[in-house]
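Here is a walk through the aromatic pairs, sheets and helices of this model. Have the viewer open as you read.

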Protein chains: 2
Amino acid sequence: MRIFVLRTFMKTIKVNRGQVLQRPGDLNSKFYEVKSGLLRSYTIDDKGKEHIFMFASEDWIMADNVGPNTPAEMFIDALEDSELNQREKTEKVEPENEKLIRRIAVLQKRVIMLMSASGIERYEHFVKTYPNIVQRVPQKMIASYLGITPEALSTVKKQRLSEK
Amino acid sequence: MRIFVLRTFMKTIKVNRGQVLQRPGDLNSKFYEVKSGLLRSYTIDDKGKEHIFMFASEDWIMADNVGPNTPAEMFIDALEDSELNQREKTEKVEPENEKLIRRIAVLQKRVIMLMSASGIERYEHFVKTYPNIVQRVPQKMIASYLGITPEALSTVKKQRLSEK
DNA sequence: GCTACGCATTAATGTAGATTAAGAAATGAA
DNA sequence: TTCATTTCTTAATCTACATTAATGCGTAGC
């Protein structure tokens, strides 16, 4: 039993192989439930390289995990002719859900960083995002979080410093 | 307004720096809301190397994202003396939440794999987990999902094959 | 049936970061 | 404060994977 009556503007749509459903920067507040076919989401980094974030086949949900009315981070397109249920992200969400969605957004960013950014770039992103954590834990734990060795972090930090 | 009255056996606890709250394999069905202090979760790979999955400071929630009554994947310990609200994962969850939690579990696994497994190991895990996807997309997209180049995947697959 | 384009494979070479090791600095316990 | 332990830095060497490039293959379109 649900308490919120969701005014869900659900629409069933058919898309062809190759069709793009979302581009980075779009204020697309939709997500897609795959009834048949196959979708993919991916980013393109500064070097022009594609990084696939996820595939979604039958019964999976495909969404760019950013809030509604936040510019999209990723491309979404169809790898096969597909049939989808399209819904709005703006459906009322409970506060409990909101926390989970925020956690998914953090993890999405983390995966993208791990796949497309160098050690020093991940470090700089971390420092910007969690400045308070940086001051409270030893360097080697930050290295461990970033997926590099403390030695590499030390070396790479010095290099970056001397460049400025 | 919530419809489910959650019988939440919430308990406020204090832990000292260094104290371990959870070990891999534990059937620990608890999660922790950090009131003060700092927690960390991490795995140890086959080579004995630590990989920090997340830090949780004030107002963050620390949880090993596996279902209740599923053996834990990670260590959780305190990096500072901390005060925590401890709750049970077994609180009633809505089906909507359940989907989100499953997605978080998938992402958690993905991050751990990216940090601690080699390309070929990630490939083998992917094939085992999504055998149907493997057959439906070109190799180069699987490589992109895994975070390696198609060339590397091709080479490494051949090596593995000749070893068997 | 061709033709062309995307895909897979292979090999040569390059590089970010791992590993190892040793000394310096910081931190914590007594 | 002192001693011991952990953490950080630096440097030399090593390795997994990236890059580049060339070749052959499969398949969709003509």
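## An aromatic cluster and its surroundings

Start with a cluster: A:Phe55, B:Phe126, B:Tyr130 and B:Tyr145 are linked by ring pairs. Rings of Phe, Tyr and Trp (its six-membered ring) pair if their centres lie within 6.5 Å; planes under 30 degrees apart count as stacked, over 60 as edge-to-face and the rest as tilted.

Some ground rules: this is a predicted model, where local features need pLDDT of at least 70 and side-chain atom pairs count only at pLDDT 80 or more, while totals for chains, interfaces and linings use all residues. Residues are numbered from 1 along each chain as its sequence is written, chains are lettered from A and ligands numbered from 1 in the order in which they are written, and side-chain values use heavy atoms, with hydrogens and water left out.

**Ring pairs.** Searching the whole structure turns up ten aromatic pairs over all chains. In one of them, the rings of A:Tyr42 and A:Phe75 are stacked, because their centres are 5.0 Å apart and their planes are at 10°. A:Tyr42 belongs to strand 4 (residues 39-44) of chain A and A:Phe75 to strand 7 (residues 75-78) of chain A, so this pair ties together parts that are 33 residues apart in sequence. Helices (H or I, at least four residues) and strands (E, at least two) are DSSP runs, numbered from the N terminus.

A:Tyr42 and A:Phe75 are both buried, meaning under 20% relative accessible area, with exposed over 50% and partly exposed in between (1.4 Å probe, protein chains only).

A:Phe55 and B:Phe126 make a tilted pair, 6.2 Å centre to centre with 55° between the planes. That pair crosses between chains, running from strand 5 (residues 50-56) of chain A to helix 2 (residues 119-129) of chain B. A:Phe55 and B:Phe126 are both buried too.

**Charges over rings.** Two arginines in chain B have their charged ends over tyrosine rings. The test is that NZ of Lys or CZ of Arg is within 6 Å of the ring centre and within 35 degrees of the ring normal.

| Charged end | Ring | Distance from ring centre |
|---|---|---|
| B:Arg40 | B:Tyr42 | 4.0 Å |
| B:Arg110 | B:Tyr145 | 3.7 Å |

**The sheet in chain A.** What order do the four strands of the open sheet in chain A take? They run 2-7-4-5, with antiparallel pairing; two strands pair if DSSP finds at least two bridges between them. Strand 2 (20-22) and strand 5 of chain A are the edges, each pairing on one side only.

Strand 4 and strand 5 of chain A are joined by six bridges, and A:Arg40 has A:Phe55 as its bridge partner in strand 5 of chain A. Helix 1 (residues 95-116) of chain A packs on the sheet and touches strand 4 and strand 5 of chain A; contact here means heavy atoms within 4.5 Å.

**Helix 4 of chain A.** Helix 4 (residues 139-146) of chain A is mostly covered, with six of its eight residues buried. Among them are A:Met141, A:Ile142 and A:Tyr145.

**Strand pairs in chain B.** Strand 3 (residues 30-36) of chain B pairs antiparallel with strand 8 (residues 82-88) of chain B over six bridges. B:Glu33 has B:Asn85 as its bridge partner in strand 8 of chain B.

Methods:
Axes fitted to C-alpha atoms, helices over the stretch in contact; angles between N-to-C directions.
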